[in-house]
Amino acid sequence: QAKIQNGGCQFFNDSIIRTFLRKLDLENELRWAISRNQLTLLYQPQVNIKTGHLNGMEALIRWNHPTLGPVSPVEFIPIAEETGIIMDIGKWVLIEVCKQLNRWLSASLVVPTIAVNLSARQFLARDLASSISDIVGENCCDPQHIVIEITESSSMNDIESVLPILHEFKAFGFQIAIDDFGKGYSALGYMKQFPIDILKIDKSFVQELTSDSKSAVITKAIIDMSHGMDLRVIAEGVETQEQLDRLRMMNCDIIQGYVIDPPMSTEQLEIRYLKGVRS
Ligand code: C2E
Ligand code: CA
Ligand code: CA
Ligand code: CA
């Protein structure tokens, strides 16, 4: 009996140690990821549900490490936040997006908006909006092409300090989207105060749309509420035709998900959406 317990305990320790070492490894390697060109961006199309036209896209970061292999942002973004590396990563993402916008615009391609994800941690920098606006200006981009995505939970953490930053973003001409809506605190009162343009319904609701009637009711309510407030609604994580049909019946504006396209390279995106619609 004692032996089994001991064995179980040993296994437990091993797995904790492995998790710890993995994190340490990622943390050390992440510091070099930018300078060693290991980061890339993929872009996921967001399409108009009625016309099928490209409405915008979301930039999603990828880290490909030579020995660790591909590491998911779900794993490394929290580490980047804890260590503060997210500040440099956030800046890198923005510069990349600006460069890409310029490439497309100078090729006379009609480019819709590109959405970038910002972490809660980035909002601790009081000058966030002006520093991002500076980067965009230095790279000769128009803020109107950029959507700032902020998660519902990170914006709720500290409304007093986040709210003025969001107003600054708006004043500079950026658009603002609330990501993962419905998943976090869901205090509807703040929707009234926040200067937002787009609301993204969390994928957990979308994915239960056809199996759980309550998720369907909530999704419909979010769509109607958004329209009443003059916001655009994006349903994300749309994987099946059934989900898409339901969202169309509910009058959803824009969809993003595997049923349309996964996140893809700029080359793929050009071929599928941008070539042939020259301005
Ligand atoms: P998110 O902002 O909620 O991004 C949506 C995630 O859903 C992406 O995962 C995307 O690839 C995935 N997705 C898209 N369509 C579908 C679908 O039909 N079904 C399912 N199950 N998933 C779908 P990804 O790329 O792994 O990114 C995960 C999270 O990492 C993002 O969640 C975001 O919070 C964070 N992240 C990604 N890029 C950045 C970045 O540049 N900066 C920051 N701060 N966070 C980022
Ligand atoms: Ca997002
Ligand atoms: Ca999301
Ligand atoms: Ca998220």
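The model is predicted. Its largest nonpolar core has 78 residues, and the structure holds three aromatic pairs.

- Asp180 and Glu236 link distant parts of the chain, 56 residues apart. Asp180 belongs to strand β6 (residues 175-181). Glu236 belongs to strand β8 (residues 232-236).
- Asp180 is buried, and Glu236 is buried too.

**Nonpolar cores**

- Within the largest nonpolar core, Phe169 and Leu247 are the residues with the most contacts.
- Helix α3 (residues 86-106) gives this core its largest share, nine residues.
- A second core is separate and has six residues. Among them are Ala115, Val147, Ile198 and Ile234.
- Leu247 touches Ile49, Val206, Leu209, Thr219, Ile223, Ala235, Val238, Cys252 and Ile255. That list leaves out residues up to four places away in sequence.

**Aromatic pairs**

- The structure has three aromatic pairs. One of them joins Trp63 and Phe76.
- The ring centres of Trp63 and Phe76 are 5.4 Å apart and the planes stand at 80°, so this pair is edge-to-face.
- Trp63 and Phe76 also link distant parts of the chain. Trp63 sits in strand β2 (residues 54-65) and Phe76 in helix α2 (residues 73-83), 13 residues apart.
- Both Trp63 and Phe76 are buried.
- Phe169 and Phe174 form another pair: their ring centres are 5.4 Å apart and their planes are at 90°, so the pair is edge-to-face.
- Phe169 counts as buried because its relative accessibility is 0%.
- Phe174 has 1% relative accessibility, so Phe174 counts as buried as well.

**Points to locate in the structure**

- Then find Phe169, one of the residues with the most contacts inside the largest nonpolar core. Phe169 also pairs edge-to-face with Phe174.
- Finish with Trp63 in strand β2 and its partner Phe76 in helix α2.

Definitions and conventions. Residues numbered from 1 in each chain as written. Chains lettered and ligands numbered in written order. Predicted model: local features only at pLDDT ≥ 70, side-chain atom pairs only at ≥ 80, totals over all residues. Heavy atoms only, no water. Core = buried A, V, L, I, M, F, W, Y, C linked by side-chain atoms within 4.5 Å. Buried < 20%, exposed > 50% of the residue type's maximum accessible area, 1.4 Å probe, protein only. Helix = DSSP H or I, 4+ residues; strand = E, 2+ residues; numbered from the N terminus. Contact = heavy atoms within 4.5 Å. Phe/Tyr/Trp six-rings, centres within 6.5 Å; stacked < 30°, edge-to-face > 60°.
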